[in-house]
Amino acid sequence: MSLRLGDEAPDFKAKSTIGDIRFHEFLGNSWGVLFSHPADYTPVCTTELGRTAQLKDEFARRNVKVLALSVDSLEQHQGWIGDIDETQHTKVEFPVIADEDRKVSELYDMIHPNASATATVRSLFVIGPDKKVKLTLTYPASTGRNFNEVLRVIDSLQLTAAHSVATPADWQQGEDVIVVPAVSTEEAEKRFPAGLRIVKPYLRYTPQPE
Ligand code: BEZ
């Protein structure tokens with residue numbers, strides 16, 4: 001069965017380009033992004049892993065550890081990383097898991113047989129410090145993911161974990177956020193001294209808390 005939001009992210013031990021990894025131990029108290037790609041030495045995947053490497057500082061700033069995965073071998077990963085570094089002008093330093101026996105792919109339901117019997121689709125999981133699944137994304141092989149959107153969701157998740165707020169459609173860092181319905185307006189006035197903008201009793205904005 002596929003993983004759902006709020007489920008515990010299954011732990012595993014796997015071979016990776018930075019050595020053997022125990023997933024939960026590797027994450028420690030950090031947030032995690034675990035994402036699969038269909039295959040090494042393919043064009044869209046090359047841009048995705050390159051983009052992720054370029055965003056190293058952005059993930060680090062948010063206390064996020066990133067791991068990529070496909071069913072290719074460690075040797076293939078190592079050779080391909082050289083190509084990624086060269087063509088995407090970056091350095092892939094995050095681990096790329098070699099899931100040749102498909103153990104992790106199956107745990108995370110990353111192989112969708114009606115799309116491909118052998119390759120992983122573009123699955124992505126954001127995992128919180130509590131090891132719970134906070135976001136799932138599934139893209140087809142032909143569409144590269146938007147890693148700015150992944151960062152945007154992480155910003156929203158981290159904000160909403162710290163404050164009783166939600167983020168509206170297309171929200172970006174620094175824009176007003178929404179007070180969750182569970183908080184009364186009287187309580188919201190105390191919690192959000194920067195003020196409320198009440199559009200409807202159920203639609204109340206406040207400036208993004210620090
Ligand atoms: C790619 O990364 O370009 C790709 C991989 C598998 C199927 C189609 C495209």
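**Aromatic pairs, cores and sheets**

Guide: By the ring-centre rule, the count comes to six aromatic pairs in this predicted model. One of them joins phenylalanine 12 and tyrosine 108, with 6.1 Å from centre to centre and 90° between the planes, which is edge-to-face.

Visitor: Which parts of the chain does the pair of phenylalanine 12 and tyrosine 108 tie together?

Guide: Phenylalanine 12 belongs to the segment before strand 1 (13-16), and tyrosine 108 to the loop between helix 5 (103-107) and strand 6, so the pair ties together parts that are 96 residues apart in sequence. Both phenylalanine 12 and tyrosine 108 are buried.

Visitor: Why is the pair of tyrosine 108 and phenylalanine 125 called edge-to-face?

Guide: Planes over 60 degrees apart count as edge-to-face. The ring planes of tyrosine 108 and phenylalanine 125 stand at 70°, with centres 5.1 Å apart, so this pair is edge-to-face. Tyrosine 108 lies in the loop between helix 5 and strand 6, whereas phenylalanine 125 lies in strand 6, so the parts tied together are 17 residues apart in sequence. Tyrosine 108 and phenylalanine 125 are both buried. Ring pairs link Phe12, Phe23, Tyr108 and Phe125 into a cluster.

Visitor: Over which rings do charged ends sit?

Guide: The charged end of lysine 65 sits over the ring of phenylalanine 26, at 5.1 Å from its centre. For arginine 197, the ring is that of tyrosine 205, and the charged end is 4.3 Å from the ring centre.

Visitor: How should I read a nonpolar core, and which residues touch the most other members of the largest one?

Guide: In soluble globular proteins, nonpolar side chains tend to be buried together. Here the largest nonpolar core has 26 residues, and Val33, Phe35, Leu49, Phe59, Phe94, Leu124 and Val126 touch the most other members. Two or more residues of this core come from each of strand 3 (31-36), helix 2 (43-54), strand 4 (64-70), helix 4 (74-88), strand 6 (122-127) and helix 6 (147-162). Helix 6 gives the most, with six residues. Apart from this core lies another, of 18 residues, including Phe23, Phe26, Leu67 and Phe125.

Visitor: What does phenylalanine 59 touch, leaving aside residues up to four places away in sequence?

Guide: With those set aside, phenylalanine 59 touches Val33, Thr52, Val64, Val66, Val150, Leu151 and Ile154.

Visitor: In what order do the four strands of the open sheet lie?

Guide: The order is 8-9-11-10, and the pairing is antiparallel. Strand 8 (165-166) and strand 10 (197-200) are at the edges with a single partner strand each, so one side of each has no neighbour in the sheet. Strand 9 (residues 177-179) pairs with strand 11 (residues 203-206) in the antiparallel sense over two bridges. Valine 177 has threonine 206 as its bridge partner in strand 11.

Visitor: Is tyrosine 139 buried, partly exposed or exposed?

Guide: Buried means under 20% relative accessible area and exposed over 50%. Tyrosine 139 has 26%, so this residue is partly exposed. Tyrosine 139 is found in strand 7 (residues 133-139). Not counting residues up to four places away in sequence, tyrosine 139 touches Val121, Arg122, Gly144 and Arg145.

Visitor: Which domains does the assignment give?

Guide: The domain assignment of the protein chain gives domain 1 (13-145) and domain 2 (163-206). Taken over C-alpha atoms, the centres of domain 1 and domain 2 are separated by 35 Å.

Notes. Residues are numbered from 1 along each chain as its sequence is written. This is a predicted model: local features need pLDDT of at least 70, side-chain atom pairs count only at pLDDT 80 or more; totals for chains, interfaces and linings use all residues. Side-chain values use heavy atoms; hydrogens and water are left out. A nonpolar core is a set of buried Ala, Val, Leu, Ile, Met, Phe, Trp, Tyr and Cys residues joined through side-chain atoms within 4.5 Å. Buried means under 20% relative accessible area, exposed over 50%, partly exposed in between (1.4 Å probe, protein chains only). Contact means heavy atoms within 4.5 Å. Two strands pair if DSSP finds at least two bridges between them. Rings of Phe, Tyr and Trp (its six-membered ring) pair if their centres lie within 6.5 Å; planes under 30 degrees apart count as stacked, over 60 as edge-to-face and the rest as tilted. A charge sits over a ring if NZ of Lys or CZ of Arg is within 6 Å of the ring centre and within 35 degrees of the ring normal. Domain bounds come from an automatic or database domain assignment.
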